[in-house]
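Please open the model in your viewer, with the sequence panel beside it, and follow the selections below in order. Each stop names what to select and then describes what is there.

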Amino acid sequence: MQVQRVVLSSRPGLNGVPVPENFRLDDATVQSDLSDGEVLVRTLYLSVDPYMRCRMNEDTGAEYLTPWRVDECVDGGGVGIVEASRHSAYTEGDVVTSFTWPWQTRAVLSGSVLQKVNPDLVDGHLSYFLGAVGMTGLTAILGMREKGHVSEGANQTLVVSGAAGACGSIAGQIGRLDGCRRVVGICGSEEKCRALVKDLAFTAVVNYRRDDVALKLRECCPDGVDVYFDNVGGTISDTVIAQMNSNSHIILCGQISQYNKDVPYPPPLMDATQETLQRKNISRERFMVLNYMDKADAALRELSQGVKSGQIKVLETVVHGIENMGAAFCSMMKGGNMGKQVIKISD
């Protein structure tokens with residue numbers, strides 16, 4: 001069976017910015033004769049995510065991430081439909097997802113890496129299994145619940161960087177639903193600012209490309225910052241931390257501003273920022289959703305209910321065609337997406 005696939009053509013280098021030419025579209029052949037335990041799937045949607053930048057390096061810097069290999073098919077989050085199965089858990093027509101889905105139009109996978117999902121959970125919006133009702137949504141809700149220490153009636157102010165991205169857009173809404181008095185988003189365009197306030201009910205926004213971030217943040221957070229959901233790191237995070245209250249909390253989710261730099265994860269802080277953390281007793285612990293998967297099923301049900309009821313709004317950017325995977329990844333890394341960036345491979 002002839003398929004198309006995306007391979008890693010070259011590495012950008014430890015301090016390099018990824019370009020679409022780092023990826024290459026190849027033709028390949030998939031065996032249609034299945035062995036016991038195997039499943040033939042047709043790809044519907046693929047995901048691109050910031051953590052993938054680490055996988056472009058020979059050393060990912062994280063023990064739980066394996067590097068992509070040059071001239072081999074890359075992989076990540078995907079959702080598709082079963083076309084044939086020799087695994088007892090799957091039958092033709094099942095919708096399935098995986099964290100290790102190859103960037104191919106069709107693939108033969110071991111049933112052990114797949115998970116069957118119910119389209120009713122997302123009202124048929126199957127791409128949501130890669131975002132709001134998938135690993136991205138889990139990261140947002142469990143990050144807020146496990147590290148945010150939000151209490152109803154405590155009049156807390158939440159700040160979210162990368163607020164119009166896949167994870168930040170959900171995290172801000174969870175904070176609002178859980179009782180934060182103010183939810184302030186930081187993002188990089190007027191279009192994103194409007195969406196956060198109008199569609200997602202953020203209290204206020206800071207456009208880091210246009211505003212004086214420190215000044216605007218003080219205006220939006222007159223009582224200081226109690227919870228910070230950090231997706232970006234760098235100077236934006238230094239600015240937020242400088243305005244945090246004593247005994248406040250940082251959810252260290254991502255550091256996308258640092259992913260093109262050869263630095264350890266999490267990257268070291270400036271001395272002044274580190275001093276602020278210690279003097280104000282601000283908690284800042286790295287959050288890894290994989291450590292909380294025992295709570296995933298309940299959290300996914302809650303996310304599904306929130307999305308279906310309209311309490312949680314979903315932002316999504318959809319690009320069509322496997323040939324555009326590399327360009328979509330690079331655009332996402334530069335903030336070109338609104339919400340979750342997915343690529344539609346087939347109907």
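Begin by selecting serine 9, which lies in the loop between strand 1 (2-8) and strand 2 (23-29); helices (H or I, at least four residues) and strands (E, at least two) are DSSP runs, numbered from the N terminus. This is a predicted model, in which local features need pLDDT of at least 70 and side-chain atom pairs count only at pLDDT 80 or more, while totals for chains, interfaces and linings use all residues. Residues are numbered from 1 along each chain as its sequence is written, and side-chain values use heavy atoms, with hydrogens and water left out.

Serine 9 counts as partly exposed because its relative accessibility is 25% (buried means under 20% relative accessible area, exposed over 50%, partly exposed in between, with a 1.4 Å probe and protein chains only). Leaving aside neighbours within four places in sequence, serine 9 is in contact (heavy atoms within 4.5 Å) with Glu21, Asn22, Phe23, Arg24, Val70 and Asp71.

**Stop two: aromatic rings**

Next, show the aromatic side chains. Rings of Phe, Tyr and Trp (its six-membered ring) pair if their centres lie within 6.5 Å, and planes under 30 degrees apart count as stacked, over 60 as edge-to-face and the rest as tilted. By this rule the count comes to 5 aromatic pairs. Tryptophan 68 and tryptophan 103 form one that is edge-to-face, at 5.6 Å centre to centre and with 65 degrees between the planes. This pair links distant parts of the chain, 35 residues apart, since tryptophan 68 sits in the loop between helix 1 (52-55) and strand 4 (75-85) and tryptophan 103 in the loop between strand 5 (95-102) and strand 6 (106-110). Both tryptophan 68 and tryptophan 103 are buried.

For contrast in ring geometry, which arrangement do phenylalanine 287 and tyrosine 292 adopt? Their ring centres are 5.3 Å apart and their planes are at 20 degrees, so the pair is stacked. Phenylalanine 287 is buried, with a relative accessible area of 5%, and tyrosine 292 counts as buried at 17% relative accessibility. Before moving on, select Phe23, Trp68, Trp103 and Phe329 together, which form one aromatic cluster.

**Stop three: the nonpolar cores**

A nonpolar core is a set of buried Ala, Val, Leu, Ile, Met, Phe, Trp, Tyr and Cys residues joined through side-chain atoms within 4.5 Å. The largest one has 49 residues, of which Leu142, Leu158, Leu196 and Phe229 touch the most other members. Among the elements that each supply at least two residues of this core are strand 3 (38-47), strand 8 (157-161) and helix 8 (296-309), while helix 2 gives the most, with 5 residues. Colour leucine 158 and its surroundings: among the residues that leucine 158 touches, not counting those up to four places away in sequence, are Met144, Ala171, Val184 and Phe229. A second, separate core of 29 residues includes Met52, Phe329, Cys330 and Met332.

Now select glutamine 173, which lies in helix 3 and counts as buried at 0% relative accessibility. Glutamine 173 touches Leu200, Phe202, Gln311, Ile312 and Lys313, not counting residues up to four places away in sequence.

Helix 3 (residues 166-178) also gives the most to the lining of the largest cavity, with 3 residues. On a 1 Å grid over the protein atoms alone, a cavity is a set of points where a 1.4 Å probe fits but cannot get out, and lining residues have an atom within 4 Å of a point. Of its 13 lining residues, Ala132, Ala166, Val314, Leu315 and Lys340 lie nearest the centre of the largest cavity.

**Stop five: two asparagines**

Finish with asparagine 155, in the loop between helix 2 and strand 8, which has a positive phi of about 55 degrees although it is not a glycine. Most residues other than glycine have a negative phi. Asparagine 247, in strand 12 (residues 244-252), likewise has a positive phi, near 65 degrees.

Notes. 1 Å grid on protein atoms, 1.4 Å probe; cavity = no way out; pocket = protein on both sides within 12 Å on 5 of 7 lines; lining within 4 Å.
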